[in-house]
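Me: I'd like to learn how to read domains and pockets in a protein model. Could you take me through it with an example?

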Amino acid sequence: MVVWIFSLSVSAIEISRIEPACWWVGMQNPELQLMVYGKDIGRASVQLDYPGVHLKEINKADSPNYLFIYLEITSTAPPGTIALTFKEGKKKQVISLELKPRATSIGAQGFSPADVLYLIMPDRFANGDPSNDVWDNEPIDRNDPFARHGGDFAGINQHLDYINDLGVTTVWLNPVLENKMHQAGYQSYHGYATTDFYRVDPRFGSNDDYCRLIDHIHHQGMKVVMDMIYNHCGSLHRWMNDLPCKDWLNHPEGFVPSSHNLYSIMDIHAPPSEITAMTDGWFVEAMPDLNQRNRHLSTYLIQNSIWWIEYARIDGIRHDTHPYADRDFLSRWCKAILDEYPGFNIVGESWYLNTAPLAWWQAGSKWSDKQSYLKTVMDFNLMNACNQYFSVESKANNPLRGIFEVLAQDFLYEDVNNLLVFLDNHDLSRFFKQGETNLDRYKQALTLLLTTRGIPQLYYGTEIGMYGEKKDGDGNLRKDFPGGWPGDPVHAFTSEGRTALQNEAFDFLRRLLQWRKTNPAVDGGKLIHYMPDWETECYVYARIKENNRIWVILNGSNKEQSLSPEKYVEVIGDNTSGREILSGKTLNLKERITIPAKGVYIIE
Ligand code: CA
């Protein structure tokens with residue numbers, strides 16, 4: 001994708017950027033905003049002559065160096081190149097904007113409980129191209145957990161067979177857009193301080209490389225989720241040198257921290273100032289807070305999502321710091337995407353450790369006074385319970401009851417299937433703990449994750465028992481995947497390179513993931529569960545969808561338990577036997593079922 005800028009006379013108008021640089025005919029929404037940047041461009045007149053395309057509005061900004069042009073692209077407009085003529089006195093400039101035919105390749109598929117997401121931090125997974133490691137004069141240092149390590153799209157591409165073979169269906173990459181933040185002394189490896197909304201970071205590859213990676217992922221039968229951030233940008237975004245409008249940012253005068261009071265938005269006791277203290281404060285000093293109440297900015301951000309969906313053919317979006325952005329904007333944004341791509345799915349980062357606020361955010365919630373259009377929320381509440389109750393020490397009596405009690409509150413949700421369920425991610429202590437010598441809690445937690453309601457998400461390295469604690473700094477949660485760098489002494493992408501414990505973990509998870517693809521009951525099947533009683537401490541539940549059913553037993557106690565099948569009549573029905581999928585053994589469902597201490601059965 002190229003912006004052709006050419007001069008027709010010696011005294012040409014300077015135009016250094018137009019966003020977006022291309023668009024498509026036949027979109028649901030006929031309006032297109034062009035954000036034009038150039039010295040004193042605000043003084044220029046604009047003309048175009050293209051069949052089916054009309055100039056709707058030309059808006060000056062507070063800065064003389066921006067113009068916001070709104071076009072109407074009617075259904076009769078053919079693909080081609082629009083010439084936009086800018087004139088000011090004797091000066092002139094013509095810019096071409098490509099109108100492409102709609103994409104026909106795979107993409108915009110959404111994701112559902114039939115999927116399992118695999119979250120990768122691109123800087124930390126694999127370095128397939130050491131030639132792109134250094135950019136913006138930012139050195140790489142693999143010994144420094146907070147520095148760039150050199151991972152990239154090429155590295156991910158080299159290991160797509162590994163990811164596919166593991167059995168996940170969807171790759172979620174932490175943000176891939178440009179983070180030119182080194183001059184601010186800010187770590188840029190994690191990608192959450194965007195400095196260009198239309199360009200991937202060159203240390204991962206080019207925009208074309210990103211499209212190719214997505215194409216390869218699609219050809220493996222997998223999907224892609226793009227991580228996006230519209231609450232803020234990086235402090236070295238070029239806007240910060242020349243803000244288009246006085247109200248482009250919240251607190252344009254400088255850093256005022258957010259209160260981080262995520263409850264303010266739904267708190268019936270909160271005065272309006274409590275909400276603005278949350279949504280208008282900056283997430284951190286290096287991330288200026290965007291004011292999406294500015295119409296030009298909100299349109300810019302909405303179009304940016306649609307551009308990436310159509311351009312790169314992503315299948316879903318994970319939206320960072322969702323509650324921190326303007327609520328009306330968030331609704332408009334989610335709706336605009338669904339209007340254009342009805343099957344699409346967006347998951348909002350919703351860091352609440354309780355069910356009620358999570359349910360409040362979900363599309364169609366009866367608890368909220370406004371429609372959020374946000375299909376999926378991240379179930380931090382279940383994550384927290386899993387980390388607490390599948391504990392290393394498990395001294396609690398009947399530990400699985402805490403997990404049962406989280407799931408027993410699901411009546412608050414509008415849609416229990418569209419909950420992203422996870423044990424950890426790039427912001428959390430890893431679930432697996434250093435020094436853990438058996439996989440009892442690992443197997444139980446992953447079984448729950450992959451068989452309860454919702455859309456499971458795994459974090460890269462979980463399959464080989466990678467560990468890292470939040471208290472040691474976020475860099476430690478994001479260690480390099482062993483074997484991802486040329487010359488790594490350990491190569492955990494192959495069974496030969498893994499320890500016996502790692503292979504046991506990998507093989508268990510792979511078997512579970514591959515089986516999960518074959519049983520439709522996990523894809524939205526009704527969940528029926530029984531409270532773990534004090535006698536057996538077993539959590540017993542089923543997923544039922546038409547003729548498909550699975551029955552799961554997790555023994556939370558430290559001793560073998562024996563369960564009477566009569567108690568579970570709703571689950572067992574007329575079945576006299578069932579196959580336990582982890583061991584392959586057949587269980588007689590007419591007799592008492594014995595399960596070892598901390599054991600797991602998945603019976604179908
Ligand atoms: Ca690299």
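Reply: Let's go through the domains, then the pockets. This is a predicted model, where local features need pLDDT of at least 70, side-chain atom pairs count only at pLDDT 80 or more, and totals for chains, interfaces and linings use all residues. Residues are numbered from 1 along each chain as its sequence is written, and side-chain values use heavy atoms, with hydrogens and water left out.

Me: Which domains does the assignment give?

Reply: Domain bounds come from an automatic or database domain assignment. Here that gives domain 1 (7-100), domain 2 (117-517) and domain 3 (526-603). Between the C-alpha centres of domain 1 and domain 3 there are 64 Å.

Me: What counts as a pocket, and which residues lie nearest the centre of the largest pocket?

Reply: On a 1 Å grid over the protein atoms alone, a pocket is an open set of points where a 1.4 Å probe fits, with protein on both sides within 12 Å along at least five of seven lines; lining residues have an atom within 4 Å of a point. In this model, 22 residues line the largest pocket, and Phe283, Asp427, Lys470, Asp474 and Arg478 are nearest its centre.

Me: Where does the second largest pocket lie?

Reply: It lies between domain 1 (7-100) and domain 2 (117-517), because both give residues to its lining. That lining has 14 residues, with Asn29, Glu31, Thr299, Ile302 and Ala336 closest to the centre. Helix H5 (295-312) and helix H6 (327-340) each give two or more residues to it; helices here are DSSP runs (H or I, at least four residues), numbered from the N terminus.
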